[in-house]
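I opened the notebook to record what I looked up in this structure. The entries follow the order in which I went through them.

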Amino acid sequence: MSVALGIDIGGTAVKFVALSTRGEILGRWRVPTDESSAEGVPAAIRSEVRRIEHQFGMAQPIGVACPGLVRRGGVVIHWMKGRLNLLENLNWEQVLGRDAPVPVINDGHAALKAEIWLGAGRGCRDLVMLTLGTGVGGGILSDGRVLSGHLGRAGHLGHLSLNPSGEVDIANTPGSLEDAIGNCTLARRSAGRFRSTAELVRAHLEGDALATKVWLTSVDQLAVGLASIINALDPQRIILGGGIAAHARDALFVPLRERMNACEWRPTGVPVEIVAAELGDEAGAIGAAKHAMEVYDAS
């Protein structure tokens, strides 16, 4: 049986998913992200791929998802500043010692492709996805096509500005959506009290006044950002994924939908669907494998 392998490189872990070409998940694994040296991440991934192939045989194709901007041609990340910058200009065909190309895709785009294929985006032609985690990634499906843009910036919805007077984020955007809700700024937003959004939401649900203020402020800013995205892109559905959405659940979706009632433009009176991602934190790896299948089918 032909086995495709998707690899998703994140700030805390690298996820691996082996799939059949029909989308059946054959195995899933993860290893910690080791940034202690320039070779740490590539060496760990090489080792895990060898171990997986010892079990399943040669994986073909292999795809890689990671943060940053993918250079045209789709084999390397050409911009990844601040977090995981060791990924810049790594050629994964060489890293993994393959004879065939190893396509690379932005992790937000990969998660979107996975949800279109097997998850909450099935049947849609106009769709937006945001991944809420350390930062805020995303992807845009417009008239059935995932947008990448001129330099690969399309879909980086976390870098929309909500406050022109705010502090600049990793992409030099003032007062960004990413900084409004991402884990990367939570310590600052909570005066050092909370280190993870899961901890923040727990405290909010237990009645902690500061936690409630911080959390609902972030949800309000997310709603305003989504209203702007809707006005710009007119999607039929918005998918929220990533660790924050997965852990917060109703603590996110209930107040978010209430706030959208006040700020969303609804010419027909019908709101845009806002739904939870279905594939969890494996979406990036699944999407990397799907993208690699598409590249191989087109070659």
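Entry one. I began with Leu 205, which sits in helix 6, residues 197–205. The model is predicted, so I am reading computed values here. Is Leu 205 buried or exposed? I found a relative accessible area of 61% for Leu 205. Exposed means over 50%, so Leu 205 counts as exposed.

Entry two. I then checked how far Leu 205 is from Ala 248. The two residues are 43 residues apart along the chain, and their C-alpha atoms are separated by 9.9 Å.

In what order do its strands lie? I read the order as 3-2-1-4-7, five strands in an open sheet with mixed pairing. At the edges I noted strand 3 (25–32) and strand 7 (104–106), each of which pairs on one side only. Ignoring direction, I have neighbouring strands turned by 20° against each other on average.

Strand 4, residues 62–66, pairs with strand 7 in the parallel sense, over three bridges. I looked up Cys 66 and found that its bridge partner in strand 7 is Asn 106.

Entry five. I looked for helices against the sheet. Helix 1 (residues 40–56) lies across strand 1 (4–9), strand 2 (13–19), strand 3 and strand 4. I noted about 150° between helix 1 and strand 3. Helix 10 (residues 283–298) also packs on the sheet, and I listed its contacts as strand 1, strand 2, strand 3, strand 4 and strand 7. The direction of helix 10 makes about 130° with that of strand 1.

Methods:
Residues are numbered from 1 along each chain as its sequence is written. This is a predicted model: local features need pLDDT of at least 70, side-chain atom pairs count only at pLDDT 80 or more; totals for chains, interfaces and linings use all residues. Side-chain values use heavy atoms; hydrogens and water are left out. Two strands pair if DSSP finds at least two bridges between them. Helices (H or I, at least four residues) and strands (E, at least two) are DSSP runs, numbered from the N terminus. Axes are lines fitted to C-alpha atoms, for helices over the stretch in contact, and angles run from 0 to 180 degrees between N-to-C directions. Contact means heavy atoms within 4.5 Å. Buried means under 20% relative accessible area, exposed over 50%, partly exposed in between (1.4 Å probe, protein chains only).
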